[in-house]
Amino acid sequence: MAETNFKIWRGDADGGDFQEYSTEVTEGMVVLDAVHQIQAESANDLACRWNCKAGKCGSCSAEVNGVPKLMCMTRLNDLPLDQGVNIQPMKTFPVIKDLTCDVSWNYRVKKRIKPFKPRKPDNEDGTWNINQDDIDRVQEFRKCIECFLCQDVCHVLREHQLHEEFIGPRALVYTAALEMHPLDTEDRLEDLKKADGIGYCNITKCCTHVCPEEITITDNAIIPLKERVVDRFYDPLVRLFNKLFGS
Amino acid sequence: MAYEPLTISGSRIPNTIRRDAWWRTPVLVFIGFSTFIVYSTWAAFQGEHYTFGPYLSPFYSPELFGTSSHAWFGIRPGFWPDWFPYSPAFLILWAPAGFRLTCYYYRGAYYKAFWADPPACAVSEPRKNYRGENSFPLIIQNIHRYMLYVAMGFIVFLSWDAILGFNFDGKFGIGVGSLVLMINVVLLAGYTFGCHSLRHLVGGALDQISKSPTRQCAWKGVTCLNKKHQMWAWLSLFWVGFTDVYVRLCSMGIWTDFRIL
Ligand code: SF4
Ligand code: SF4
Ligand code: FES
Ligand code: FES
C-alpha cells in the first residue's frame with residue numbers, strides 16, 4: 001500500500017500536457033485500476049476506453065512509461081513505482097481526449113484488403129475438408145484482439161506517418177490470415193507490394209514485442225508475406241519455374 | 001486524412017519516455033557486429049596463419065587459390081592485379097558476408113543498432129525521411145534467397161573441412177581443433193537451415209502444405225530451427241570468428257592444439 005504519483009496526459013486534438021495525480025496503490029492493481037481510481041477521486045472528466053478488463057477487448061491500449069501496453073494487463077507491481085508512472089495515449093493515432101484516440105484509420109485500411117474467397121466446396125452439402133495442419137498455421141493470426149498496439153509502436157506509422165503508403169502490422173496479420181488460408185483463392189500479392197507497402201517494414205520486430213496476444217507477427221506473418229512478394233516480383237528463377245511447371 | 005503525431009516529451013533526442021535500458025540491446029549489437037567486422041577484415045588481409053595441421057580457417061574455406069595444401073587450383077588467380085595484395089579469403093568472404101547482411105534477423109538488428117531506424121522500439125529517430133526496403137538501395141535485400149543458395153554450398157565445404165580435421169597425416173585422430181571445426185559447422189548449419197527464405201522455399205509458400213508430406217516435414221524442421229534463429233545467428237557468428245582465432249594462434253605457435261586421441 002503506497003501513495004504513488006501518476007503523470008497522465010490530458011488534452012485533445014488541439015494539444016495538452018501531463019497532469020500529476022496521486023493515488024494509493026494496493027496489491028494486485030493494474031494500471032487501468034489506478035486510472036479508474038484517479039477518475040473517481042480527482043479527475044471525473046478523465047477520458048479512457050476500456051471494456052473487458054481481461055486483455056480481450058483491445059480497448060484500453062495506451063503507453064505506460066513510454067511502452068505501448070494494455071492498461072488492464074499491466075500490473076503496477078511490475079513497474080518502478082518510486083519513479084512514478086507515466087501514462088499517455090497511443091502516439092500513432094489522432095488523439096480525441098486524454099487517453100482515447102481515433103483508431104478508425106485501422107478499420108478503413110482493413111476494408112481495403114481483398115476479402116476471403118474460398119474455393120468451390122469439396123462436398124455436395126457445400127462443406128470443405130481442411131487438414132488440421134494447414135489451418136493450424138493461420139490460427140495464430142485469429143487471436144488478434146485489434147488493440148492496435150502493434151500499429152502504435154511501428155515506426156513506419158509512429159515516426160514517419162506513412163499511413164497512406166503502409167497498412168501496418170495488424171493489417172498485415174489480417175492479410176496473412178487470408179492469404180495463407182488453405183481454402184482461399186484470392187491473390188493479394190500485388191496489393192501487398194504496392195498499395196499495402198509491405199516493403200516499408202524493416203522487420204525490426206517491435207510489433208511482435210508489444211503484441212499482448214503474443215502473435216509472432218514479424219516471423220510468421222510479415223516475413224512469409226515478404227517472401228511471397230519476392231517470388232512474384234523479385235525472383236526470376238521462381239517465375240521461370242512457375243511458368244514452366246505452372247504452379 | 002493527415003496524421004499528426006502526438007509529440008509529448010519535447011525535443012530530446014532520442015525522444016522517448018521509456019525508462020528501461022532500451023539502448024542496451026542496440027549497443028550490444030553494435031559492439032558485437034563492429035568487433036566481428038573489424039576482426040574478420042583484419043584476418044582476411046593477413047593471408048597467412050590460416051591453416052594448422054589438418055585444420056583450415058573457415059574465413060579461408062574453400063581455398064580456391066592459395067599457398068597451403070588445401071588450395072584447389074593454384075597459388076594466385078591469373079586475373080588478380082599484381083599491385084593489389086592477395087589473400088584467399090578475398091575470393092570467398094563476400095558470400096557469408098552477403099548472406100548475413102541480407103538475413104532477416106540481422107537486418108532488423110542492424111537497422112536499429114547502426115541506422116537508428118528506429119534506435120529501439122517506441123524511441124524517436126534522428127531522421128525524417130524513410131523509405132525502408134521499399135525502394136533502392138534496400139530493396140536489394142530481396143536477393144537473400146540467392147545468398148542462401150551460396151551459403152548452403154559453404155556448409156558442404158565446411159563439413160568437408162571438419163571431416164578433414166580428424167585426418168592427421170592419414171590417420172584418424174581428434175584434436176581440440178577438430179572439435180572446434182566440428183562445432184563451427186554445426187552452428188553454421190543451425191543458422192543456415194533456420195533461414196526464413198528456406199522456410200518459405202521448402203514449404204511455406206504452400207497453403208495446403210499437408211498435401212506434400214516431404215515438404216511439410218522439411219518445413220517443420222526449418223521452422224524448429226527458425227524459432228531460435230537469432231540465437232543461432234549469434235552463436236555461429238561468434239564461433240566462426242573463434243575458429244579462425246584458434247587456427248591462427250595454433251599456427252603462430254601461441255596456442256597448443258591438444259590431441260585427445
Ligand atoms: S517489424 Fe515491420 S511492421 Fe513490425 S514494427 Fe517493425 S517495421 Fe513495423
Ligand atoms: S496483432 Fe497483436 S498487437 Fe496487433 S492489434 Fe492484434 S493483438 Fe494487438
Ligand atoms: S479492457 Fe479489454 S483489453 Fe483492456
Ligand atoms: S533469414 Fe537469417 S539467414 Fe535467412
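Which residue stands opposite Q88(A) in β5(A)? The residue is E63(A). This is a predicted model, in which local features need pLDDT of at least 70, side-chain atom pairs count only at pLDDT 80 or more, and totals for chains, interfaces and linings use all residues. Residues are numbered from 1 along each chain as its sequence is written, while chains are lettered from A and ligands numbered from 1 in the order in which they are written.

**Chain A overall**

- Chain A holds 10 helices and seven strands. Helices (H or I, at least four residues) and strands (E, at least two) are DSSP runs, numbered from the N terminus.
- The C-alpha trace of chain A spans about 70 × 40 × 25 Å along its principal axes.
- Of its 247 residues, 46% count as buried. A residue is buried if 20 or more other C-beta atoms lie within 10 Å of its own, exposed if 12 or fewer, and partly exposed in between, with C-beta atoms placed from the backbone.
- Among contacts in chain A with a separation of 6 or more, 62% link residues 24 or more positions apart. Two residues are in contact if their C-beta atoms, placed from the backbone, lie within 7 Å.

**Strand β5(A)**

- β5(A) is covered on both faces. V85(A) and I87(A) are buried on one side, N86(A) and Q88(A) on the other.
- Strand β1 (residues 2–12) of chain A runs parallel to β5(A), joined by three bridges. Two strands pair if DSSP finds at least two bridges between them.
- I8(A) has I87(A) as its bridge partner in β5(A).
- Strand β3 (residues 61–64) of chain A runs antiparallel to β5(A), with two bridges.

**Two ligands**

- Ligand 1 has 13 residues around it, and C154(A), P169(A), C201(A), T204(A) and C207(A) come nearest. A residue is near a molecule or strand if its C-beta atom, placed from the backbone, lies within 6 Å of it.
- α8 (206–210) and α9 (217–233) of chain A each supply at least two residues of this shell.
- The shell around ligand 1 has nine nonpolar, three polar and one charged residues. Ala, Val, Leu, Ile, Met, Phe, Trp, Tyr, Cys and Pro count as nonpolar, Asp, Glu, Lys and Arg as charged, and the others, Gly among them, as polar.
- Ligand 2 is surrounded by 16 residues, the closest being C144(A), C147(A), C150(A), R170(A) and C211(A).
- α4 (149–153) and α6 (168–179) of chain A give two or more residues each to the shell around ligand 2. α6(A) gives the most, with three.
- That shell has 13 nonpolar, no polar and three charged residues.

**Where the chains meet**

- 46 residues of chain A contact 37 residues of chain B.
- α9(A) provides the largest share of chain A's side, six residues.
- By class, chain A's side has 19 nonpolar, 16 polar and 11 charged residues.
- The axes of α9(A) and α7(B) come within 10 Å and cross at roughly 70 degrees. Axes are lines fitted to C-alpha atoms, for helices over the stretch in contact, and angles run from 0 to 180 degrees between N-to-C directions.
- I223(A), P224(A) and E227(A) in α9(A) meet H196(B), S197(B), H200(B) and G204(B) in α7(B).

**Helix α4(B)**

- Eight of the 10 residues of α4 (residues 104–113) of chain B are buried, so this helix is largely enclosed by the rest of the structure.
- The cover over its buried residues includes α9 of chain A, along with α1 (24–46), α3 (94–101), α7 (196–204) and α9 (229–251) of chain B.
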